[in-house]
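Okay, thanks everyone, let's get going.

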Amino acid sequence: KTAYEIKECDWSSDVCSSDLALELALLKQGQRLPRLSPASVAAPIKGFRNQGGWGGDALKYLREHGAVPVDMWPANAIERRYQTPEAATAAADYKVTDWIEVEPKNILQAATLLLMGYPISAGFSWWGHQVCLEDVVILDGEICWRIRNSWGPSWGQNGYGDRKSTRLTSSHVPLSRMPSS
């Protein structure tokens, strides 16, 4: 499997959008990498409870600890048994080193970052949901976002969709380094 395959993580859209953006950032650096487990980020943040609402906490966690590949921590597994020293060592290779805060409702800033190749973990105030913005598209003369949703391939067109919106909130661009190998 490649990192471009859709992840299905209904319970952790905030983490999935940050996790997807991290994967894309690493891929754009030319790194082939395994799928990363959003559960390896979400579970420790929420004390291994099946509970949403992480937003910026996911990026902070990804900076401090990284994300574990799914072959060591399944994408939707919130059990403590996956939090091992080996998983922590593997996660260190998949960290966010920093991030850029996208100004709320600043369409031109978001579009510029996307056109420069930076994926954006973004929230929509009207939707109450985080997604990964991957590209800018023009529909009917308006700037729109090509998004990748955490709800899996049954949503939109194989997990992707185009959305018009000026109401972006809590948007971040994760910056990362190449894994050491």
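So, Glu134: it's buried, with a relative accessible area of 17%. Keep in mind that what you're looking at is a predicted model. Glu134 sits in strand S3. And what does the side chain of Glu134 meet in a salt bridge? That would be the side chain of Arg148, at 3.6 Å, N to O. The two are 14 residues apart, with Glu134 in S3 and Arg148 in strand S4, so here we have a link between distant parts of the chain. Is Arg148 buried or exposed? Buried, at 1% relative accessibility. Because the cut-off for buried is under 20%, Glu134 at 17% makes it in, and so does Arg148 at 1%.

How many salt bridges does the structure hold? Two. The other pair is Arg146 with Asp162, where the closest N and O atoms are 2.5 Å apart. Arg146 is in S4 and Asp162 is in strand S5, residues 160-163, so this bridge ties together parts that are 16 residues apart in sequence. Here both partners are partly exposed: Arg146 has a relative accessible area of 31%, and Asp162 has 26%.

Let me zoom out for a second. The chain has five helices and six strands. Going along the sequence, you read α-α-α-α-β-α-β-β-β-β-β. Of its 181 residues, 52% count as buried. If you take the contacts with a separation of 6 or more, 66% of them are between residues 24 or more positions apart. As for the surface, the chain exposes about 8400 Å², with carbon and sulfur atoms supplying 49% of that.

Now for helix H5, residues 107-115. Which of its residues are buried? Ile107, Ala110, Ala111, Leu113 and Leu114. They span an arc of only 160° around the axis, so they end up on the same side of H5. Remember that an α-helix has 3.6 residues a turn, so residues three or four places apart point the same way. Turn to the face away from that buried side and you find Leu108 and Leu115, both exposed. Then, just after H5, Gly117 has a positive phi of about 95°.

In soluble globular proteins, nonpolar side chains tend to be buried together. The largest nonpolar core here has 15 residues, and the ones touching the most other members are Leu114, Ile120, Phe124, Leu133, Trp145 and Ile147. Which elements give two or more residues to it? H5, strand S2 (120-124), S3 (129-139) and S4 (142-148). H5 has the largest share, with five residues.

Take Leu114 as a way in. Setting aside neighbours within four places in sequence, Leu114 is in contact with Pro119, Ile120, Leu133, Glu134, Asp135, Val136 and Trp145. So Glu134, the buried residue I began with, shows up again in that list. There's also another core, apart from this one, of 11 residues, including Leu36, Ala58, Tyr61 and Tyr94.

Back out on the surface, there's a nonpolar patch made of Leu108, Ile138 and Ile143, and together they have about 290 Å² of accessible area. Leu108 is one of those exposed residues on H5. Ile138 is in S3, and it's exposed too, with a relative accessible area of 55%. So S3 holds both Ile138, which is exposed, and Glu134, which is buried.

Last topic, backbone angles. Most residues other than glycine have a negative phi. Where might you look for a positive value in a residue other than glycine? One of them is Phe48, with phi near 65°. Phe48 is in the loop between helix H2 (39-45) and helix H3 (56-64), and it's buried, at 14% relative accessible area. Then there's Asn158, also not a glycine, with a positive phi of about 60°. You'll find Asn158 in the loop between S4 and S5.

That's what I had, happy to go back to any of it.

Definitions and conventions. Residues numbered from 1 in each chain as written. Predicted model: local features only at pLDDT ≥ 70, side-chain atom pairs only at ≥ 80, totals over all residues. Heavy atoms only, no water. Buried < 20%, exposed > 50% of the residue type's maximum accessible area, 1.4 Å probe, protein only. Helix = DSSP H or I, 4+ residues; strand = E, 2+ residues; numbered from the N terminus. Arc of directions from axis to C-beta. Contact = heavy atoms within 4.5 Å. Areas by Shrake-Rupley, 256 points an atom, 1.4 Å probe, with all protein chains shown as cover. Core = buried A, V, L, I, M, F, W, Y, C linked by side-chain atoms within 4.5 Å. Patch = residues over 30% accessible without salt bridge, like charges linked within 9 Å, V, L, I, M, F, W, Y side chains within 5 Å. Salt bridge = Lys/Arg side-chain N within 4 Å of Asp/Glu carboxyl O.
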